[in-house]
Amino acid sequence: MSSDRLGWEARQTSSLSLATKEDKGLFAQPNEVRSYGDAEKQPDDGLLSNVSTPPKNSKEEEGVAPSGSTTSAACHPEPQQPEITFPEGGLRAWLVVLGSFSGMVAGFGLMNSVGTFQAYLSTHQLADVSPSTTGWIFSLYIFLAFGCGLQIGPVFDAKGPRWLVFGGTVCLVVGMIGLSESTKFWHFILTFSVLGGLGTSLIFTPAIGSITHFFSRRRGIATGLAATGGSVGGIIFPLALQSLFPRLGYAWSVRLLALIFLILLVFANLLIRNRLPPKVGGNVWPDFRIFSDITFALTTAGVFFIEWGLFIPITYLSSYAIANGVSMAFSYQLLAILNVGSAFGRAVPGYVADRLGRFNTMIATVALCLISVMGIWFNIDGNIAGLCVFAIVFGFASGSNISLTSVCVGQLCEPEVFGRWYGTCYTVVSIGCLTGLPVAGQILSVNGGDYWGSIVFTGSCYTAGLICFTAARVLKVGWSLRARF
């Protein structure tokens, strides 16, 4: 055997040994993305696929390829998408969760406190405005909080969270300061609805999206823990405002709230970070073609109906209690009780979802929302014990409406485009948020202040949402109750 042939075989043996070691991950850093697109690394179609025929003479060594050789394929292997891995924990990952929690305390804490503002404004600055008209302040706020994600999601995918969270901080704090000076209907639209809604959206989408860069297997519990921030804010802020309104007055109470938001959002700006590089060929524009995925379309429809009904109890529960003879002080406390249930309802279902399936858990919690609305709220007639039971049960069940939505959507797409998919989903959902409260307010006016019609409307929304989520699950895994999805 010639020396050049022996040398060629030695080189091939060394190359195969190195390829085998790399395929086993011996050279891969833990918790990092491993790329198989480099020329030195072989694609997954077999270690021997790119090994050329050994040279039989010096002419072949000089570059004259033998008949039928695959030299071209060997020199130009097809690039492959990098394999994505997730830390599933560690200091940096949990600091991101902490930053998201801090941002959610401010953004979603305000959203979960809209009932307090609705009850106060309807008896003070806007006492001469109808409930259906006042409802537009809060529905427009929720619409912008979710609807702006259509553009914010793709920007997050392409540019990261830093400037988005900073912009949200400015909008939310300035909006609260302006809200403290508001006296007319259009003042509240500009400060609470527009600035508050835009600020919440700029914080909300990056806060949830950044978690998907660090967690996959444990994404449900990580997102649930971050989302409990909204419930914590929903517990603290109504009770604080109830105490501060008679002591400091409306203006200084809201200014103090703005200061608390500023402190919380400083931590959000420092801790919320992305990890994965932008998707190759991605851009900052929304793409509605993703609705060609029928499971995603059904999921979006399910979230639409859920959110259409979700904010009706949150917004009108205090007013419902006052209308049924409950004191104003206790009506504010009902929101705090609801958010206590919601805090557990965001964390516990997230833990369960990682083990039993995200869609399975969502279906169960939506069914519990329907039972609590039609089985409890519809039948309590202002009874205080019944109100407390409803607040706890509905709070727990509805807590997952937001925290599990993100992990359900994340299960249907790649992490690098999560912002686009999540933002597109909530853009459609925001239409329901825009119309839900005015529709409930109009039903309330037509019924002469009786809430039964609004309660039935809420139950109908949850029924439709339950049907859509069930259809999405059946489309993917069939009717088997054992399937984990």
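This is a predicted model: local features need pLDDT of at least 70, side-chain atom pairs count only at pLDDT 80 or more; totals for chains, interfaces and linings use all residues.
Residues are numbered from 1 along each chain as its sequence is written, and side-chain values use heavy atoms, with hydrogens and water left out.

As for charge pairing, a search of the whole structure turns up 2 salt bridges, a salt bridge being a side-chain nitrogen of Lys or Arg within 4 Å of a carboxyl oxygen of Asp or Glu. One of them joins D354 to R358, with the closest N and O atoms 3.1 Å apart. In the other, E181 pairs with R255, and here the closest N and O atoms are 2.3 Å apart. Helices here are DSSP runs of H or I with at least four residues, numbered from the N terminus.

Grid points are joined across faces, edges and corners, and the volume is the space filled by probe spheres set on the points. The largest cavity holds about 70 Å³. Its lining residues, which have an atom within 4 Å of a point, include N112, F311, R346 and N401. Helix 11 (294-323), helix 12 (328-356) and helix 14 (384-410) each contribute at least two residues to that lining. Sorted by class, the lining has 5 nonpolar, 6 polar and 1 charged residues; Ala, Val, Leu, Ile, Met, Phe, Trp, Tyr, Cys and Pro count as nonpolar, Asp, Glu, Lys and Arg as charged, and the others, Gly among them, as polar.

Two of these helices bend. Helix 11 has a kink of about 50° centred on Y316, the bend at a residue being the angle between axes fitted to the seven residues ending there and the seven starting there. Even so, the end C-alpha atoms of helix 11 are 44 Å apart, in agreement with the 44 Å its 30 residues should span, the expected span being 1.5 Å times one less than the number of residues. Helix 11 is mostly covered, with 22 of its 30 residues buried. Helix 14 is kinked by about 40°, centred on S403. Its 27 residues should span 39 Å, and the 40 Å between its end C-alpha atoms agrees. Helix 14 is mostly covered as well, with 20 of its 27 residues buried.

Back in helix 11, F296 is buried at a relative accessible area of 0%. The C-alpha atoms of F296 and C425 are 8.4 Å apart, although 129 residues separate the two in sequence. A321, also in helix 11, is buried at 0% relative accessibility; its C-alpha lies 9.3 Å from that of Y332, 11 residues away in sequence.

Methods: On a 1 Å grid over the protein atoms alone, a cavity is a set of points where a 1.4 Å probe fits but cannot get out, and a pocket is an open set with protein on both sides within 12 Å along at least five of seven lines; lining residues have an atom within 4 Å of a point. Buried means under 20% relative accessible area, exposed over 50%, partly exposed in between (1.4 Å probe, protein chains only).
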